Amino acid sequence: MENNAVSFEVRNLSFAYGNKPIIRNLNLKIPKGKITTLIGPNGCGKSTMFQLLTKNLTPTQGEILLDGVPLSQMSLRSFAQKVAIVHQNNTAPGDLTVEQLVAYGRIPYTKMGHSASSEKDCRLIERAMKITGVASLRNRNIQSLSGGQRQRVWIAMALAQGTDILLLDEPTTYLDVRYQIQILRLVQMLNKRYGITILMVLHDMNQTIQYSDQIVALSHQGKIVANGAPCKVVSTEMLKEVYGVQLEVVPYQDTKIVMNF
C-alpha cells in the first residue's frame, strides 16, 4: 500500500439541518488500509458525518472526495461499487434466507430486474459467507437468527459487493459483550487479512482503543478534538473535552484502558 494513501478526503465541510448547524468547516483524511473510528457524544455530528460519507446527505458547503473524485460527481451505482455500508438499523423480510440476503450485495453489478447469478457473483457470495462464518446458516431465515448472527450476515452482504472500503455505523449496538467482541474481531480480520479500509462509529472507548488504528474524536458541531493513533490521542484531557467527564486513562500492554469513576 502506498504510504499516506487516502480513501476519503473531507474539505471545508459544513452541514446544517435548516438553520441548525451540525458540522462547520471540517477537514479530514481517512487513510487507506486502516481502521478509523469516529467517536464523540450524542449530537456531536458523527452520525451526520457518516450519512454525508455514504451519500445519504449532501453537504451545505465544502466537498467529500473518494479516491480524489468528488462524491457529488459519482452515481449511487458507481459509489456502491467502491464502498460497502452496514447501517445501525438494518431490516429485511423475515422469510428471506441468509444466502438470499447476502446475494443482494451483488445488486450494484446486475442489470435492472435481474438477480445475481453469474459465476463471479456466486463465487463472491460464497466467499463472503465463508469469511464471516455464516455459510452453515445459508438456508436459515433471517428472523430465526440471533442478533450477532444477523450482524455477521449484514457484513457478509457488504463483503459480497467486493469493495475495498467498508463503512459501519455502530456495528455493536444492541449486541451483548460476547457478540460485540466477535464482530469487532471480524472487522479487524477483514482489515488485517484482506486489506479492507474500515471506517466505523463506536461508543465504547476501550473497544475503540483496542480495535482502531486511528481515532477521530468529535465534539460540539463536528469540531475535531483529536485525530491520530489511540496511544497518542486518548488522554484524560481529551476525554474531558469530548465527553465532559473525568476519566482515568492507564497504560496496559502497549495500549490504554479508560477507567470509569
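I began with Thr48 and found it buried, at a relative accessible area of 8%, where buried stands for under 20% relative accessible area, exposed for over 50% and partly exposed for what lies in between, with a 1.4 Å probe and protein chains only. I note that this is a predicted model, in which local features need pLDDT of at least 70, side-chain atom pairs count only at pLDDT 80 or more, and totals for chains, interfaces and linings use all residues. Residues are numbered from 1 along each chain as its sequence is written, and side-chain values use heavy atoms, with hydrogens and water left out.

Thr48 lies in helix H1; helices (H or I, at least four residues) and strands (E, at least two) are DSSP runs numbered from the N terminus. Setting aside neighbours within four places in sequence, I listed Phe15, Tyr17, Ile22, Ile23 and Leu57 as the contacts of Thr48, a contact being heavy atoms within 4.5 Å. Helix H1 (residues 46-53) lies across S1, S2 and S4 and runs at about 120° to S1; axes are lines fitted to C-alpha atoms, for helices over the stretch in contact, and angles run from 0 to 180 degrees between N-to-C directions.

I then turned to the sheet, which is open, has 4 strands in the order S2-S1-S4-S5 and pairs them antiparallel; two strands pair if DSSP finds at least two bridges between them. Strand S2 (20-31) and strand S5 (69-70) are at the edges with a single partner strand each, so one side of each is left without a neighbour in the sheet. Strand S1 (residues 6-17) and strand S4 (residues 61-66) are joined by 5 bridges, and Phe8 stands opposite Leu66 in S4.

Next I looked up helix H4 (residues 119-131), and recorded its buried residues as Asp121, Leu124, Ile125, Ala128, Met129 and Ile131. Down the axis of H4 these fall within an arc of 165°, so they line one face of the helix, the arc being that of the directions from the helix axis to the C-beta atoms. They pack against helix H3 (98-103), helix H5 (147-159) and helix H6 (177-194), while the face turned away from the buried side carries the exposed residues Glu119 and Lys130. Gly133, with a positive phi near 75°, follows H4.

My last entry concerns Val258, which is found in strand S12 (residues 255-259) and is buried, with a relative accessible area of 6%. Its contacts beyond four places in sequence include Met205, Ile209, Val234 and Leu247.
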